[in-house]
Amino acid sequence: MRNDLWPLFVVALLLSACGGGQTGGSRAAAADSTVPSTPAAGAGDLLAYVTNEDSQELSIIDTRTDSVIASIEVGTRPRGVRVSQDGKTVFVALSGSPRCPPTMPDEECEKLKADKSKDGIAVVDAATRKVTRVLPGGSDPENFDISQDGSTLFISNEDAGTASIVDIASGRIRSTVKVGREPEGVRVHPDGGTVWVTGETDHNVTVVDIRTGKVVGQIEVGKRPRSLAFTPDGKRAFVGSEVDGTVWVLDVASRKPVKVLTMPKGSKPMGVVASPDGKRIYVSNGRGGTVSVIDVASDSVTTSVPVGQRPWGIALTPDGRKLYSANGPSNDVSVVDTERMTVVKKVPVGRIPWGVAIGRAS
């Protein structure tokens with residue numbers, strides 16, 4: 001070898017041995033920066049989205065590992081949450097009204113100021129995990145549901161006693177409907193023709209025709225109904241009444257109660273969800289700290305499982321095998337194996353988790 005090339009040969013040899021060449025170094029750095037703490041969710045996998053009312057964020061749980069993989073700042077007092085059918089969009093209800101816990105007297109709550117500029121429905125791109133826009137949601141939006149064609153939101157306006165019907169594409173409120181005072185629970189009937197809204201203060205359920213946007217019926221139920229769910233065939237509705245500690249079973253065709261179920265002692269029914277096969281109704285019991293199972297065939301409570309402090313929002317995986325419960329003061333989400341009705345994991349999230357929705361990873 002020529003003497004004048006010897007230094008270049010030594011340098012090349014050292015770079016090769018140490019992995020310091022440009023290509024090798026870049027790959028090593030890229031590998032280090034992309035190693036995830038948990039496997040990245042892929043298309044077809046399921047994610048649980050949890051709203052955290054006090055920390056103003058949306059926690060994302062990978063249902064394969066039951067661990068938080070991301071948190072997104074979404075806005076003030078996020079509560080109701082829904083995922084589009086294709087899993088590409090997450091909608092979150094935001095409110096500028098002050099949070100008044102159950103222990104706060106009404107007169108103290110009334111002294112707190114509301115900022116209506118913060119009311120709305122945040123639209124989150126599931127792929128980028130960013131809020132892309134905020135839709136109008138009426139005054140103090142709390143909970144909502146999505147039309148079957150994915151074009152419209154039906155939103156409960158807690159402080160106004162109304163439901164807002166919002167066109168997603170245009171971002172405009174199509175109409176506002178007077179419903180029971182302090183509305184909360186909102187569910188579109190399985191046939192897609194009506195939307196049912198619970199009125200906490202009027203102790204009723206208002207039925208709204210989706211096509212016309214007009215009220216077509218009201219049903220008296222127990223005190224302070226918080227949520228409702230339909231059986232998949234649409235024949236029955238189950239309404240949880242917090243103050244009574246009861247669940248009211250409604251015949252949808254006649255719009256009349258057919259049975260009132262007394263929940264276990266200490267229960268304050270909050271969230272209600274039906275199993276995919278229609279055989280079970282799950283109820284979160286608020287300050288009772290449990291989730292109960294109602295057998296639809298016998299209209300009876302079969303079991304209850306402790307999950308955490310004041311569980312509210314609950315959601316099921318599409319196969320019905322796992323239930324996720326948002327436990328407000330516990331600042332966690334309980335994962336329940338529904339076959340054994342046991343808590344298999346508790347997942348720490350943000351402060352005061354409120355709602356849960358499950359959707360496909362986009």
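Author: Glu 242 is buried, with a relative accessible area of 4% (buried means under 20% relative accessible area, exposed over 50%, and partly exposed in between, with a 1.4 Å probe and protein chains only). This is a predicted model, in which local features need pLDDT of at least 70 and side-chain atom pairs count only at pLDDT 80 or more, while totals for chains, interfaces and linings use all residues. Residues are numbered from 1 along each chain as its sequence is written, and side-chain values use heavy atoms, with hydrogens and water left out.

Glu 242 forms a salt bridge with Arg 310, and their closest N and O atoms are 3.9 Å apart; a salt bridge here is a side-chain nitrogen of Lys or Arg within 4 Å of a carboxyl oxygen of Asp or Glu. Glu 242 sits in the loop between strand 17 (236-241) and strand 18 (246-251), and Arg 310 in the loop between strand 23 (300-306) and strand 24 (311-316), so the pair ties together parts that are 68 residues apart in sequence. Strands (E, at least two residues) are DSSP runs, numbered from the N terminus. Arg 310 counts as partly exposed, at 24% relative accessibility. Arg 310 also has a positive phi of about 45 degrees, although it is not a glycine.

Both residues belong to a network of salt bridges that links Glu 182, Glu 184, Glu 200, Arg 224, Arg 226, Glu 242, Arg 287 and Arg 310. Glu 200 is buried at a relative accessible area of 1%, whereas Arg 224 is partly exposed at 25%.

Another salt bridge joins Arg 181 to Asp 202, where the closest N and O atoms are 2.6 Å apart. Arg 181 lies in the loop between strand 11 (172-178) and strand 12 (183-188), and Asp 202 in the loop between strand 13 (194-199) and strand 14, so this pair ties together parts 21 residues apart in sequence. Asp 202 is partly exposed, at 26% relative accessibility. By this rule the count comes to 23 salt bridges.

Strand 14 (residues 204-209) pairs with strand 15 (residues 215-220) in the antiparallel sense over five bridges; two strands pair if DSSP finds at least two bridges between them. Val 207 has Gly 217 in strand 15 as its bridge partner. The hairpin of these two strands has five residues between them, and there Gly 213 takes a positive phi near 75 degrees.

A positive phi also occurs at Gln 56, about 60 degrees, although this residue is not a glycine. Gln 56 is found in the loop between strand 1 and strand 2 and is partly exposed, with a relative accessible area of 35%. Strand 1 (residues 46-52) and strand 2 (residues 57-62) run antiparallel and are joined by six bridges. Tyr 49 stands opposite Ile 60 in strand 2.

As for confidence, the protein chain averages a pLDDT of 89, and 87% of the residues score at least 70; pLDDT is the predictor's confidence in each residue, from 0 to 100.

Terms used. Helix = DSSP H or I, 4+ residues; strand = E, 2+ residues; numbered from the N terminus.
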